[in-house]
Amino acid sequence: MEAILSQFPNLTEIQILQFRKLQELYEDWNAKINVISRKDIDELYTRHVLHSLGIAKIIEFRPGSKIMDVGTGGGFPGIPLAILHPEVDFYLIDVIAKKIKVVNEVASALGLKNVKAEQKRAELVKQEFDFIVSRAVTNMPDFVNWVEDKLSKKQHHELANGILYLKGGDLTEELAAFPKATEYNLSDFFTEEFFETKKVVHLPLKYKK
């Protein structure tokens, strides 16, 4: 939690309280429905919350933006990003119903009015978004196939509409087919050892119908 406060010093009292409540909420829900590995729950703020907020080091979502989190699991990166951006709409989806139950319960307990979560496959989503975020749910070629028709043609940010993907390791081969992809090393922002090989990949995608 201290790392979050130091990295994001302009948080409101409400946001600080919401971030602080995450540990208790996820410990409680993890005891009922295992959505985070046992070893990771003790490192929740580094491995899940701060990792999710790595996207916020690359871009500050503007008010009114629409963001979809695909394969959100227990709510990452969507929940931390929604706390940080209360005026941005977040749509969190996962194919596993019990995980979406946890997301909805956590969002409700935190009073997050900007989060909607549903059990759904990305291919079946009909809305359009400024950005689609995710945490390594599959390889990039498959992920692009899932979401490439979900992007809005209206640009609200300097960073082009597209995918913001949290990934780790050497991505040279996986991104070979995507020359427009940009890798941002999270070790440039966070000093914790966990982030040494972690990255945010931005892949601009053109609106298509």
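Guide: Leaving aside neighbours within four places in sequence, L22 is in contact (heavy atoms within 4.5 Å) with L44, Y45, V49, I79, I83, V106 and L110. The model is predicted: local features need pLDDT of at least 70 and side-chain atom pairs pLDDT 80 or more, while totals for chains, interfaces and linings use all residues. Residues are numbered from 1 along each chain as its sequence is written, and side-chain values use heavy atoms, without hydrogens and water.

L22 is, with Y26, F61 and I79, among the residues with the most contacts inside the largest nonpolar core, which has 51 residues. Such a core is a set of buried Ala, Val, Leu, Ile, Met, Phe, Trp, Tyr and Cys residues joined through side-chain atoms within 4.5 Å; buried means under 20% relative accessible area, exposed over 50%, partly exposed in between (1.4 Å probe, protein chains only).

F61 also belongs to a ring cluster with F90 and F131. Rings of Phe, Tyr and Trp (its six-membered ring) pair if their centres lie within 6.5 Å; planes under 30 degrees apart count as stacked, over 60 as edge-to-face and the rest as tilted. There are 8 aromatic pairs in the structure. F61 and F90 pair edge-to-face, at 6.3 Å centre to centre and 75° between the planes. F61 has a relative accessible area of 2% and is buried; F90, at 3%, is buried. The planes of F61 and F131 lie at 45°, with centres 5.8 Å apart, so this pair is tilted. Both F61 and F131 are buried.
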